[in-house]
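Colleague: I would like a close look at one part of this model. Here it is.

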Amino acid sequence: MTNTPTENRLEINGIVQGVGFRPFIYQLANHHGLKGEVANTATGVSLILEGLQNDIRQFIDDIPYDRPKTSMRHFGMCPLCQAEYDDPDNRRFHAQPNACPVCGPRVTLCDAGGKPVDTVDSIADAANRLRQGRIVAIKGLGGFHLAVDATNAGAVARLRRRKHREEKPLAFMCADLNHIRAIARVGETEARLLVSIQCPIVLLEKRPHTPVAEPVSPRNRYFGIMLPYAPLHHPSVRCWASTPFTWPTRASCWPLCRRIRPTRC
Ligand SMILES: [Zn+2]
């Protein structure tokens with residue numbers, strides 16, 4: 001391929017709106033020295049890219065799909081996944097995102113200095129740290145969430161200090177609807193919203209005497225609660241079991257970073 005200046009148009013479909021995708025695309029384009037435009041459309045996001053062909057190719061390679069960097073690149077499945085993929089009788093026949101713990105995404109827990117922690121189960125280890133009142137930055141599909149134990153008033157207060165967020169309510173995540181019902185009043189409409197594919201944060205009236213710490217939503221009748229919406233959330237909330245995570249609301253979550261710099265929490 002010749003490396004000449006060119007202009008390309010890309011249409012990206014799927015869940016790419018409301019997840020910090022355009023800021024991510026902007027950062028990625030800057031990183032590759034590309035110029036252009038990015039806009040929401042009825043079906044997704046539309047891109048115009050100007051730059052050298054090689055840079056545009058590299059940019060496309062770096063757009064995440066269901067896991068980092070597998071969208072346009074060659075993705076080698078392990079023999080077991082490949083057998084499922086090739087078998088017309090298998091429900092994963094030609095399922096492009098087919099993967100397992102052997103050939104699929106890996107989860108790494110890093111310490112405050114950005115150094116990988118030596119652990120057999122990163123998710124369980126992170127859950128333990130949350131139980132100890134620590135703050136854990138969780139890198140998801142749309143950006144970072146800062147998580148603490150929502151029942152630990154001291155941990156929530158520390159998160160507020162670090163985020164310079166004194167009063168504004170924090171949203172939190174619960175494992176399932178029953179868990180939410182124990183904490184807040186859930187009508188039919190709210191339940192439908194909570195389990196919808198968008199998994200939005202829903203404002204719900206607090207029940208009295210909940211285990212959720214006061215600083216999560218101080219002097220407010222409502223909680224902002226959501227259900228797990230990304231693959232990493234499900235094993236995380238299972239590990240966390242009976243108590244909810246607290247996250248700063250999505251609006252304030254950090255855009256996705258290509259490189260993880262040490263995050264001191
Ligand atoms: Zn596999």
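Colleague: Which residues of helix α8 (residues 233-240) are buried?

Modeller: First, the ground rules. Residues are numbered from 1 along each chain as its sequence is written. The model is predicted: local features need pLDDT of at least 70, side-chain atom pairs count only at pLDDT 80 or more, and totals for chains, interfaces and linings use all residues.

In α8, the buried residues are His233, Ser236, Val237 and Trp240. Buried means that 20 or more other C-beta atoms, placed from the backbone, lie within 10 Å of the residue's own. These four cover an arc of only 90° around the axis, which puts them on the same side of α8. The arc is that of the directions from the helix axis to the C-beta atoms. The general rule: an α-helix has 3.6 residues a turn, so residues three or four places apart point the same way.

Now the setting. Across the 265 residues of the protein, 24% count as buried. The secondary structure comes to eight helices and ten strands. These are DSSP runs, numbered from the N terminus: helices are H or I with at least four residues, strands E with at least two.

Three of the strands form an open antiparallel sheet, ordered β1-β3-β2. Pairing requires at least two DSSP bridges between two strands. β1 (5-13) and β2 (35-40) are at the edges with a single partner strand each, so one side of each lacks a neighbour in the sheet. Nine bridges join β1 to β3 (residues 44-52). Within that pair, leucine 10 has leucine 47 of β3 as its bridge partner.

Definitions and conventions
A residue is buried if 20 or more other C-beta atoms lie within 10 Å of its own, exposed if 12 or fewer, and partly exposed in between; C-beta atoms are placed from the backbone.
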